[in-house]
Amino acid sequence: MTKYRTEEDTLGPVQIPADALWGPQTERSRNNFPTGQYMPLAIIRALLNIKKAAAQANMETKAISEEKGNLIVQSIDELLALSDEELRKDFPLKVYQTGSGTQTNMNTNEVVAHKAHQLNPDIEILPNDDVNKGQSSNDTFPTAMNVVALEALDKLKPAVQHLIDELKAKQEKYMHTVKVGRTHLQDAVPLTFGQELSGYVASLEHDLDYIKTLEPTLNELAIGGTAVGTGLNAAEGMPEKIAEKLSEVYGLNLTADSNKFYGLANHSGLDVVHGALKSLAADMFKIAQDIRFLGSGPRAGYGELNIPANEPGSSIMPGKVNPTQAEAVTMAALRVFGNDTVVTMASSQGNFEMNVYKPVLIDAFLESADLMTGTIMGFADKMIHGMTVNEDRMAELVDNSLMTVTALSPHIGYHDSAKIAQAADKAGSTLKEAALKSGKVTEEQYDEWMDMLKMTNVDRKD
């Protein structure tokens, strides 16, 4: 049977599992809000780092004794050293709790205080008066939100760059491989596969630039605003010291020089940056969609690309290969599209001095960043890296395309060129046969003007 101890908060006594490091407020929340996913551990670690920086700042400003401050720091260091699995044991709260994240802030305060008691029972460390000194959930939680969002972006950016590099390698390799172009899902004039890939590269380079351009807005921290933005009970200079220390921990250029009323009530920075994640997801959807269609087949589809066989594609059809990495990244993109609605709606709910949709907002943001990071890496390594071109199929489709007739238009005119294409289509003949039959073009002229690579404007020396 589980053994319990009894602790009191301002509402009265609470029974808590005897071996738990958390206290009464955590226990109340654990029972009141049992639904949904756990609060991301990235938020917990960020809050611990904020509490550590706050203790250090409070010691420097003489707001707390060094005896207490150092014990808080030591307790937090031991908690931060734990594995995620070990840390989760004492942080059992869910995302769907109070909209300010107050219970998770108090969960952190209580665990640190109990850890301090384990380390030195002779020094009393109180969750509210000591660990939370000069702070409020209303400024620590949004500070943690910005920090973990920046952390997540630092993992995402290399993944995007990795995919860009893989695509560039294929772009260079296939810059002279001519294929049929397609617009409106219909045949169009030729281009090279390298050119097609260069469009994918450019879209991802733009997405990466959007993220890098927008993410500095997250450097502004709400810390120091305390309850409503006025900074009540925070020692002078404390916010700046916390921002400085967090900058050192995370290798970021964080600042407390911000409007605290904005920091507590608005999360437009997270909203606009998530918009860049949504744009990345949209472009990834398009790229993955193109790749899986071009690789469709191998006999009854486009068949222009050969995609890696990473696992059996069917439980009933032997030998089937499916574009699973493309499917994974497109499903992830759909989740990001949905999360963007969550982030936008949550950001809009800043009533008066406080936004009370913080936990779900940051959970959605982190899910989007994590999904994009993982699926983009998988797409790069397990799809693009091993992808090859079926050059015979590409040549066959180009040779059979009627839209190469566009190259004749400058010489014989649009109207006569259209007649040749229509005649070839109706007769089921090649374009060359129809062109020669029209009498508008000689065989020598046709061969000179219908240079497929020349149509792409790719320099043969490139």
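Student: I gather that UniProt positions are given in the numbering used here, feature names are shortened, and annotations may be inferred rather than shown by experiment. Which residues does "domain: Fumarase C C-terminal" cover?

Tutor: In the unreviewed UniProt entry, that domain covers residues 405-457. The model is predicted, so local features need pLDDT of at least 70 and side-chain atom pairs count only at pLDDT 80 or more, while totals for chains, interfaces and linings use all residues. Residues are numbered from 1 along each chain as its sequence is written, and side-chain values use heavy atoms, with hydrogens and water left out.

Student: How much helix and strand is there over 405-457?

Tutor: The chain there is 70% helix and 0% strand. Its end C-alpha atoms sit 16 Å apart. Helices (H or I, at least four residues) and strands (E, at least two) are DSSP runs, numbered from the N terminus.

Student: New topic. Which residues does UniProt list for "active site"?

Tutor: H184 and S314, again from an unreviewed entry. They span 131 residues in sequence, and the farthest two C-alpha atoms are 31.3 Å apart, so they do not all gather at one spot.

Student: Where is H184 then? And is H184 buried or exposed?

Tutor: H184 sits in the loop between strand 3 (178-183) and strand 4 (186-192). H184 is exposed, at a relative accessible area of 77%. Buried means under 20% relative accessible area, exposed over 50%, and partly exposed in between (1.4 Å probe, protein chains only).

Student: What do strand 3 and strand 4 form?

Tutor: A hairpin, with two residues between the strands. In the turn, H184 has a positive phi of about 60°. The two strands pair in the antiparallel sense over six bridges; pairing requires that DSSP finds at least two bridges between two strands. Opposite V178 you will find T192 in strand 4.

Student: Which way do side chains point in a strand?

Tutor: In a regular strand they alternate between the two faces of the sheet.

Student: Back to S314. Where is it?

Tutor: S314 is in the loop between strand 5 (305-306) and helix 12 (324-347). S314 is partly exposed, at 23% relative accessibility.

Student: What does the side chain of S314 reach?

Tutor: The backbone nitrogen of I316, at 3.0 Å. That is a polar contact: a pair of N or O atoms within 3.5 Å; within protein, one must be able to donate a hydrogen and the other to accept it, and residues adjacent in sequence count only if both atoms are side-chain atoms.

Student: And S401, buried or exposed?

Tutor: Buried, at 1% relative accessibility. S401 lies in the loop between helix 14 (391-400) and helix 15 (409-412). The S401 side chain reaches the backbone nitrogen of M403 at 3.2 Å.

Student: What about H114, where is that?

Tutor: In helix 5 (residues 102-119). H114 counts as buried, with 18% relative accessibility. A polar atom of the H114 side chain lies 2.9 Å from the backbone oxygen of L21.

Student: Last one. At what angle do helix 11 and helix 13 pack?

Tutor: Helix 11 (residues 268-294) and helix 13 (residues 358-384) pack at about 30°, with axes 11 Å apart. Axes are lines fitted to C-alpha atoms, for helices over the stretch in contact, and angles run from 0 to 180 degrees between N-to-C directions. Helix 11 and helix 13 are therefore roughly parallel to each other. Angles under 35 degrees count as roughly parallel, over 145 as roughly antiparallel, 65 to 115 as roughly perpendicular and the rest as oblique.
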